[in-house]
Each structure stands twice: as C-alpha cells, then as structure tokens.
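Dear colleague,

I am passing on to you the structure that follows, together with a short account of what was found in it. I would be grateful if you would read the account alongside the coordinates.

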Amino acid sequence: MLRRQSVGRLCLVGAAALIAPLVAFGTPPAAGQPAPDQAAAAAVPPLDQLTVSTTQLAFGLQRPTAIFAPDDGSDRLLIAEKQGTIRVYHPDTGLATDPLLDIRDRVDTSGNERGLLGLVTTPDFGQTRTLYVAYTALPEGTVTLSRFTLDAADQTPIPADGEQVILTQAHAEFSNHNGGHVAFGPDGYLYWSIGDGGGSDDVLNSGQNLNTLLGKILRLDVNRSCDGRPYCVPADNPFVGTANARPEIWTYGLRNPWKFSHDLGGDGSLWIADVGQGTFEEIDHLGADQAGANLGWSCREGPQVFNPDRCQAGAEYVEPIYSYRTSTDGCAVIGGYVYRGEEYAEIATGTYLATDYCSGTAFVVRPPATPGGAYQTRALTELTIQPTSLGQDANGELYLVNDLPGQLHKIEFGTTAPPAACRISYRVDQQWGTGFNATVTVTNTGTEPVSGWTVGWTFPAAQRAGTFWNAAGSQSGAVVTARNVNWNGNIAPGGTVQFSFLASNTGPNPAPTAFTLNGNTCT
C-alpha cells in the first residue's frame, strides 16, 4: 500500500502530501519539459470552472490497491486487493465474487503497506495474454515482479502455479515504502516503481544510490530474455554502461512512488506522485527526453532541502510541478492520469487528476500552454474517503477505489458558470455607533451589455441593510441581494452603475469579501 511511516508515528491513516517545481544545486536542465498540450489547453474551460465528482459502482472489495483495464474488448476492470487477489468488475454484471487470480499463499501482508500492489496486462492482451503483478513476497517482504501467461484472454480463474518471477528486490528491513506500480509505456517497455526501502529519513540512503533498485522507477524489456534473465535492459536506458549503477533504472531520487502514469493518449510523458516524509507531497512530470532524471530525495523533499548531507555539488534535481503540505492538505498523494476519454473530452482533455489518501481532495494539473509557461494547478472538492488508486478503462474514462470502505467509483467531470465580466467596489461613506451607510459601484468589464442586474454578497459580521437608493434591496440572514430599478437596469460595456444603502450595526464593520453579479462571481 501507499502509506509511509515517520519518526514517532504509524502511518495507517495519516501522513502528508503536497506538490512543487525544478531546482538544482548545479545548473537546471536546459531541455526536457514535456511538450505543451496547446490544442487541449485552448479548447477546455479553465480549471476554476472545472468540477470533479464520483459515483459509486460497487462495494465489497478487500483493501483494493490498483485498477487496470485489459485491452481485449471485454470492458472489464481488474482490481488488485492487498491480500493477494484480483477481482473483476464488469459494468453489466458488477463485481465478481470469485477472484480471477489468488496468490494469497505467497503474498506478505504484514505491515500496512505490504501486499499485492500493482497489476497490468500486456498491450493487445487478446493476443499476448500476459498479466504482470507486483507484490511483497513471503517470508521477508521481497518486492517481486512476476507474470502469468494465460491460455486465453478470458481464462478464469488464472492458475496460480503458472507464475514466472521476473525480478526481485530485497526489502526486509522495513515494511513500508514498497512502491509497487507497474505500467507499460508508449515505448512498449514495462515500468516498475519501488520505494526507498522504508523507515524514515531514507535511513538506507537509497534515493541517491544508483547501485540499488530502491527509490527508483525501472524500465524493462519483458518481451525478450538476456543473460539468463527473463527480461532485457533496453540499450537506451540512461545508466547502461555506468559503473556502480543498476542499468534497469530509468529515474531515481524517489521516496515512495506509489502511483505513476504515462500520458498514452497525448505526448507520452511520465507523471509521478511521490509520497512525502512529513512536509510535502509532490507530483513530478517528465518528458521522454528526461531519462535518468534525479527527483531529489533524500537531498530534497518537494520544493525544499530535506537533508543537505545527501545533496551533491553540481547535481541537477528536477523540481516537482505541484506540491502541497503534509498534515495540512492531506497525508499521502495518490497519483492518477491525464484524462483522454471521450465522455468529458470537451471539458477535461489534457487534465491530470490526482488525489490524497487522507483528504480525498481532487488535485487537477495542466501543463503550460506555451513552452516555458507555468503549470495550471487547482485543488477541488473531496472525492471520497481513503482513495488508494485511480485507474482508466479501455476508453480512457477514470475510476477510483478506496481502502477500508472497499468501493469502486467512477470519476465524473463537470463545469460551473464562468466568472462574471465585472468589477464591484464597496465603500463605507459614513459610520457611527449604531450604523453606517455605504455605496456599491458595479462596472461591466465585458464586451456585452448587461440587461438587468442582481448583485449579491454576504456580510461577515452583524450588519443589517435597510433602506436602498438606486436599487431594490433585501437581506436574508447575512445574505444581501440588490436588484436594479427601472431606470438603471442596463450597463453598457465599460459602463458603471452605483447604488447606496443604509444599514445598522453595533460592532465591527468589516467589508464583504466576495460579490456576485447575476449569480456569477465578480471581482
């Protein structure tokens, strides 16, 4: 699982999350930012108009950890459960009771973060018929990548004795920080994430050590065998031929990359969510030309230095593109996907969605529209409690599973009304012991005339509006509504309208912080 442990606390339900930008103790890379998705950025509404919600589809899962849809035309979702089982969900028949695969006899589930952690099928699964899984193995929690080759794509159940172990990494010292996500990239190679070995403070000094697979994302050619191994190392892996470096490594400097994804329907870039120690959660974004990128741990955590003793002079550290505070905005970032589906294409194409195990917040990110520009980021509503994984179906629609509730949800996008093209100023003209009078000025900053207007605001204190001039006003609770009268209902582009009111108040008299014009937010 994704949880991590800090000094003096267990991490069953708490931790921290945040997202940040590229800092170097040497010179930042001159190139490597993923290419801007300019067409998507131009077509979709801005993030402040985007909404995200969920609809529950199924329940009864046992601590689900991963979702994957095989490319076989079956419309199935395969869902991994921590205990060592894979369940099947189909939109017509729901969640199957019997597991598709059961390897509970070999999966180490001791500690909160061990178990069956990831699954993926080969591309064109109807013909290739191979399933890959990542799990922590008995008896000592060895992080294990293995595969099962099926007789047919719809074989049920998958015989557990057909397992072939591909690669392992010892992980006996601590039960946390296992990583465990597996995915095929646009290049056809298999990518596998492994955490730094656990404990806290990178006690094993794995993040910056290229001689271990801990704290890394690996890139493997699993379609061939080399040197007696059931995989080959791609010749263009960044550390092939480098002394004292494991050639399987694609990127390093990671703490616990619980989830990552490639933008397979876009530029193929790699999005990584790295769970933080206790200050920042972070999301990283790497282009295809950033092989060998150093994401900083444990020199850095998020946008800040974590342990200066682990920092190397002249080293280049890729800064996160988004970060948020642990124990303030969440506790463990759950990475997701760039939306490339059809159902919400007009409003969400090119938008990366992530969440957090503790807060359930929907974090949305869009790459810069032009080279060198800023990423657009926004924290939206809470999706659901204890999310552990996001996933895609074969059509690019997004799904979510959560931990102890054991539920499957579908992600839905929507939009809110755009902000009004207006500016409102509020001025207290006179104030005395029991009241005040104020003037409100409304400016139409848009290009179209306003025909009929209603202005609204909420008083932050005990103010009560009474008599209005140049407006018809009322107040319900703390909410004030002022409407035009018959001689000032039209506001031309660039034009203004002004009205005043008399109000009572016996205490502090702070100004309203927000106004609406015809129901839309106005500055």
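In what follows, Ala, Val, Leu, Ile, Met, Phe, Trp, Tyr, Cys and Pro count as nonpolar, Asp, Glu, Lys and Arg as charged, and the others, Gly among them, as polar. Please note that this is a predicted model.

On that basis, the lining of the largest pocket comprises 16 nonpolar, 10 polar and 5 charged residues. The volume of this pocket is about 610 Å³. Its lining is made up of 31 residues, of which F68, A69, F184, L264 and Q392 are the closest to the centre. At least two lining residues come from each of the strands β3 (64–68), β8 (116–121), β12 (182–184), β16 (259–262) and β23 (333–338).

Within β17, W271 stands opposite S261. W271 also has a bridge partner in β18, namely H285. The pairing of β17 with β18 (residues 280–286) is likewise antiparallel and extends over 5 bridges, and a hairpin of 5 residues connects the two strands.

Strand β17 (residues 270–274) is mostly covered, with 5 of its 5 residues buried. In a regular strand, side chains alternate between the two faces of the sheet. Here, L270, I272 and D274 point one way, while W271 and A273 point the other way, and all are buried.

With kind regards

Definitions and conventions: Residues are numbered from 1 along each chain as its sequence is written. This is a predicted model: local features need pLDDT of at least 70, side-chain atom pairs count only at pLDDT 80 or more; totals for chains, interfaces and linings use all residues. Side-chain values use heavy atoms; hydrogens and water are left out. On a 1 Å grid over the protein atoms alone, a cavity is a set of points where a 1.4 Å probe fits but cannot get out, and a pocket is an open set with protein on both sides within 12 Å along at least five of seven lines; lining residues have an atom within 4 Å of a point. Grid points are joined across faces, edges and corners, and a volume is the space filled by probe spheres set on the points. Helices (H or I, at least four residues) and strands (E, at least two) are DSSP runs, numbered from the N terminus. Buried means under 20% relative accessible area, exposed over 50%, partly exposed in between (1.4 Å probe, protein chains only). Two strands pair if DSSP finds at least two bridges between them.
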